[in-house]
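Thanks, I'll keep this short.

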Amino acid sequence: MLVRLRLIGGRVASEQMRALVAVAEAYGDGRVHVTSRTNLQVRAFPGIDGSLTDEALMALEGTGLLPARTHELVRNVMVSPQTGLAGGRVDLRSSSAELDRLLCADASLATLPGRFLFVLDDGRGDLIDRECDLGLVALDESTVQLRVGVGWGDIVPVAHAPERLAALAHEFVVRRGSGPAAPWHVAELDEPLSDVAPADLRVPSAAGPLPYGDVPGGRHVEVTESGLDRAAIDEIATRAGHLIVTPWRGVLIPNPSKETP
């Protein structure tokens with residue numbers, strides 16, 4: 001079986017990566033893969049009737065990368081990888097963590113479709129061209145504009161943004177209903193999820209992908225389709241306490257001076 005592990009903003013502790021590759025060696029193909037949604041994958045895990053064996057599931061939970069069984073499929077939160085390290089208009093690490101907390105605290109949000117995606121751009125424009133269901137773009141150090149489906153929503157203080165996004169996600173669950181014909185994405189609703197607004201003049205232009213190599217705040221390392229084995233993970237994990245999986249199938253290794261828990 002293939003198992004996808006969601007990372008909020010792509011952030012993962014180096015020790016968790018080491019623990020995960022150890023589990024992959026014990027139960028899978030011994031490698032850790034990254035996705036374009038800034039998540040991790042392990043492959044060839046044992047399963048019965050479409051579910052992981054209890055032993056393999058408990059081993060994965062032991063890494064700390066499965067914090068909420070009920071909400072694991074809906075914790076899809078992509079964030080500008082360099083946020084808080086270099087550039088950008090605001091550090092979105094605390095905002096993304098609060099959004100994750102609110103998502104997991106609302107039992108109804110466990111029914112969000114597994115492809116429902118939140119995208120948070122810290123104003124540098126690196127994720128402005130990423131399609132999403134809900135998200136935000138920083139306009140300055142204290143203000144963001146919400147993204148709602150393919151359009152734009154309200155301009156709100158950054159401190160209030162996680163609550164607003166969680167509330168919109170809850171409203172989507174209420175409106176979509178249930179059954180095989182229920183919409184999977186905000187853009188598929190018959191009526192707009194919120195009032196439609198024009199994009200603020202401060203919304204940035206698309207910045208393009210983060211290049212590999214040395215970049216402001218750290219070093220961006222490409223991950224090939226074959227993924228990372230223990231030796232590769234040991235090499236990158238020794239450089240920093242935390243790593244950041246990027247939307248460009250890479251891992252950003254923060255400079256030690258820029259790290260925070």
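A cavity here means a set of grid points where a 1.4 Å probe fits but cannot get out, and its lining residues are those with an atom within 4 Å of a point. Keep in mind that this is a predicted model.

With that, the cavity. Searching the whole structure for cavities of 30 Å³ or more turns up one. The largest cavity holds about 50 Å³ of space. Which residues line the largest cavity? They are I8, G9, R11, V79, S80, P81, T83, R93, S96 and I244. By class, that lining splits into four nonpolar, four polar and two charged residues.

Next, the sheet. Five strands make up an open sheet with mixed pairing, and the order is β7-β8-β9-β10-β11. At the edges sit β7 (77-79) and β11 (151-157), each pairing on one side only. From one strand to the next, the twist averages 20 degrees. Inside the sheet, β9 (residues 134-138) and β10 (residues 143-148) run antiparallel and are joined by five bridges. In that region, G135 stands opposite R147 in β10.

Last, the rings. There are three aromatic pairs in the structure. Take F116 and F172: the ring centres are 5.1 Å apart and the planes are at 45 degrees, so the pair counts as tilted. This pair links distant parts of the chain, 56 residues apart, with F116 in the loop between α3 (93-105) and β8 (118-121) and F172 in helix α4 (residues 161-176). Are these two residues buried or exposed? Both F116 and F172 are buried. Ring pairs also bring in F118, giving a cluster of F116, F118 and F172.

Methods:
Residues are numbered from 1 along each chain as its sequence is written. This is a predicted model: local features need pLDDT of at least 70, side-chain atom pairs count only at pLDDT 80 or more; totals for chains, interfaces and linings use all residues. Side-chain values use heavy atoms; hydrogens and water are left out. Rings of Phe, Tyr and Trp (its six-membered ring) pair if their centres lie within 6.5 Å; planes under 30 degrees apart count as stacked, over 60 as edge-to-face and the rest as tilted. Helices (H or I, at least four residues) and strands (E, at least two) are DSSP runs, numbered from the N terminus. Buried means under 20% relative accessible area, exposed over 50%, partly exposed in between (1.4 Å probe, protein chains only). On a 1 Å grid over the protein atoms alone, a cavity is a set of points where a 1.4 Å probe fits but cannot get out, and a pocket is an open set with protein on both sides within 12 Å along at least five of seven lines; lining residues have an atom within 4 Å of a point. Grid points are joined across faces, edges and corners, and a volume is the space filled by probe spheres set on the points. Ala, Val, Leu, Ile, Met, Phe, Trp, Tyr, Cys and Pro count as nonpolar, Asp, Glu, Lys and Arg as charged, and the others, Gly among them, as polar. Two strands pair if DSSP finds at least two bridges between them. Axes are lines fitted to C-alpha atoms, for helices over the stretch in contact, and angles run from 0 to 180 degrees between N-to-C directions.
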